[in-house]
Amino acid sequence: MSDPILSVHNLVGGYGKMTILNGTTFAVPQATITTIIGPNGAGKSTVFKAIFGLLKLREGKINFAGRDVTNLSQRALLNAGICYVPQGRNIFPELSVRHNIELGGVSAGKGIDLQSRIEAALDLFPALRRKSTQQASTLSGGEQKQLEIARSLLLEPKLVLIDEPSIGLSPLMVQQTFDILKSLRDRGVTILMIEQNARSALEISDIGIVLELGQTRMVDKAERILNNSRIGQLFLGGAMEDNAA
Ligand SMILES: Nc1ncnc2c1ncn2[C@@H]1O[C@H](COP(=O)(O)OP(=O)(O)OP(=O)(O)O)[C@@H](O)[C@H]1O
């Protein structure tokens, strides 16, 4: 496995006086898909907010591509090569698909050929290319998620943080979206994902991380986590076995 591109060490933080991250520590190897699983409220989305500078940490260090990026601004993190696709739908429904993608490049520096980056993003998403002139509101839920991913690629990130991409999608759309994540990984992009759809996500992942009460309970090859029946019972309320049925 390659060297870590991201490492988080002993993160402590939360909301007001409430502590959610209690010493979260893990590393993400470069050009992998790493999936964080764990029960509701474990602090998974809070870790992403901390990595992307949306939550000020009380303690801990975040290292990315060999440099300390703890508590940097989102702008600085985007420039460093981290992008964040949050939960839910975050598109501009009245704008065209193409225009939505273009907005991913607003903070790109001068001298960058945005049009060729838009074309490269559309190459990855044939459904978006077919509908590139349509209003984004006319896309299906899965296509809208793909649009968010496409938009996030305009800055050519090294690391994509993606929070629950499969929520509300049909099984076919989930598979298509996961296939896109695999092809990004194969091009050298590192994907760190949170997923409730644990079995399907671990099946396409290299590494799995189990988070509980803001602490890392396990980091292992995804395959080993997938085959560990106790994990489903202990950390997912048996959800993995249910999904397997
Ligand atoms: N903005 C906020 N203000 C106060 N508390 C919050 C805020 N966001 C999250 N929390 C609380 O922090 C805890 C962890 O939330 P978080 O969203 O990180 O969990 P999660 O593991 O991603 O859960 P889920 O799987 O349900 O999405 C929860 O108890 C949640 O209610």
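Two strands pair if DSSP finds at least two bridges between them. Strands (E, at least two residues) and helices (H or I, at least four) are DSSP runs, numbered from the N terminus. The model is predicted: local features need pLDDT of at least 70, side-chain atom pairs count only at pLDDT 80 or more, and totals for chains, interfaces and linings use all residues. Residues are numbered from 1 along each chain as its sequence is written, and side-chain values use heavy atoms, with hydrogens and water left out.

Start with the open sheet. Its 4 strands follow the order S2-S1-S4-S5, and their pairing is antiparallel. Strand S2 (18-29) and strand S5 (67-68) are the edges, as each pairs on one side only. Look next at S1 (residues 4-15) and S4 (residues 59-64). These antiparallel strands are joined by 5 bridges. Take Val8 as a guide: its bridge partner in S4 is Ile62.

Now move to strand S3. Here burial matters, and buried means under 20% relative accessible area, exposed over 50%, and partly exposed in between (1.4 Å probe, protein chains only). In S3 (residues 33-37), 5 of the 5 residues are buried, so the strand is largely enclosed by the rest of the structure. Ile33, Thr35 and Ile37 point one way, while Thr34 and Ile36 point the other way. S3 has parallel partners. With strand S8 (residues 190-194) it forms 4 bridges, running parallel. Ile33 stands opposite Ile191 in S8. With strand S9 (residues 207-212), S3 also pairs in the parallel sense, over 4 bridges. There, Ile37 stands opposite Val210.

Turn to the helices. Helix H6 covers residues 141-152. H6 is mostly covered, with 11 of its 12 residues buried. Among them are Gly142, Leu147, Ile149 and Ala150. What do the buried residues of H6 pack against? Contact means heavy atoms within 4.5 Å. The partners are strands S6 (82-85) and S7 (159-163), together with helices H3 (97-103), H4 (114-124), H5 (126-130) and H7 (171-186).

Helix H3 holds His99. At 35% relative accessibility, His99 counts as partly exposed. Its C-alpha atom is separated by 8.4 Å from that of Thr133, 34 residues apart along the chain.

Finally, find the pockets. On a 1 Å grid over the protein atoms alone, a pocket is an open set of points with protein on both sides within 12 Å along at least five of seven lines, and lining residues have an atom within 4 Å of a point. Grid points are joined across faces, edges and corners, and a volume is the space filled by probe spheres set on the points. The largest pocket holds about 400 Å³ of space. It is lined by 15 residues, and the closest to its centre are Leu78, Tyr84, Gly104, Arg151 and Ser152. S6 and H6 are the elements that give two or more residues to this lining. The lining divides into 9 nonpolar, 4 polar and 2 charged residues. Ala, Val, Leu, Ile, Met, Phe, Trp, Tyr, Cys and Pro count as nonpolar, Asp, Glu, Lys and Arg as charged, and the others, Gly among them, as polar.

The second largest pocket has a volume of about 230 Å³. Its lining takes its largest share, 5 residues, from H4.

Definitions and conventions. On a 1 Å grid over the protein atoms alone, a cavity is a set of points where a 1.4 Å probe fits but cannot get out, and a pocket is an open set with protein on both sides within 12 Å along at least five of seven lines; lining residues have an atom within 4 Å of a point.
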